Amino acid sequence: VVIGLAFVVGVWTYRNRDQHVLRASQPIFLYIIAAGTLLMGASIIPLSFPPGCVTCMAFPWLLAIGFTLVFSALFTKTRRIKKIMKSAKKFKRIKVTPGDVMRPMIVLLFLNIVILSVWTAMDPLVSRTIVTERDSFDRVTESYDICHSNDYIIFISVLG
């Protein structure tokens, strides 16, 4: 549902991009928010597959990149409004381009990619089977798999 709605919002933004309200909102940031929402929604898809190294690490990558896209786009839009209001106090007219306000977004995205790359290289999430029940012949009758990493708390803390 989330993936479908993110796609619909992106298409709607594209179709209505010439309207004054959307032009003032800078459609590029609306597309970035829709893409980030799509990635966060897609982050649950790997969890539906049997755990493995790729499926375990896909979840934090999709979630962190999606979250960074959404909130850095919102942050940069807020920064744009702040610049405009600050210039209005001085009775100056300024033009704020998307490139002017995208720097924080690019920096945050780059930092997240570096942290996720280090996590993936040093201590990736791997599948671990937890046995919860055995029968009288010591055969496994009930178990479940989890994605585990020794230092995942450190990486999640840094990403958060």
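Phe 67 and Phe 71 share helix 4, which spans residues 53-89, and they are separated by 4 residues, about one turn of the helix. The model examined here is predicted, and the count for it comes to 2 aromatic pairs. In the pair formed by Phe 67 and Phe 71, the ring centres are 4.5 Å apart and the planes meet at 40 degrees, so the pair is classed as tilted. That angle falls between the limits of 30 degrees for stacked and 60 degrees for edge-to-face.

The accessibility of these two residues can be considered next. Phe 67 has a relative accessibility of 45% and therefore counts as partly exposed. Phe 71, at 43%, also counts as partly exposed.

Another aromatic pair is formed by Trp 119 and Phe 155, and this pair is stacked, with 5.4 Å from centre to centre and 5 degrees between the planes. Trp 119 belongs to helix 5 (residues 98-122), while Phe 155 belongs to helix 6 (residues 152-159), so the pair ties together parts that are 36 residues apart in sequence. Trp 119 counts as buried because its relative accessibility is 2%, and Phe 155 counts as buried at 12%. Both assignments follow because buried means under 20% relative accessible area.

Definitions and conventions:
Residues are numbered from 1 along each chain as its sequence is written. This is a predicted model: local features need pLDDT of at least 70, side-chain atom pairs count only at pLDDT 80 or more; totals for chains, interfaces and linings use all residues. Side-chain values use heavy atoms; hydrogens and water are left out. Rings of Phe, Tyr and Trp (its six-membered ring) pair if their centres lie within 6.5 Å; planes under 30 degrees apart count as stacked, over 60 as edge-to-face and the rest as tilted. Helices (H or I, at least four residues) and strands (E, at least two) are DSSP runs, numbered from the N terminus. Buried means under 20% relative accessible area, exposed over 50%, partly exposed in between (1.4 Å probe, protein chains only).
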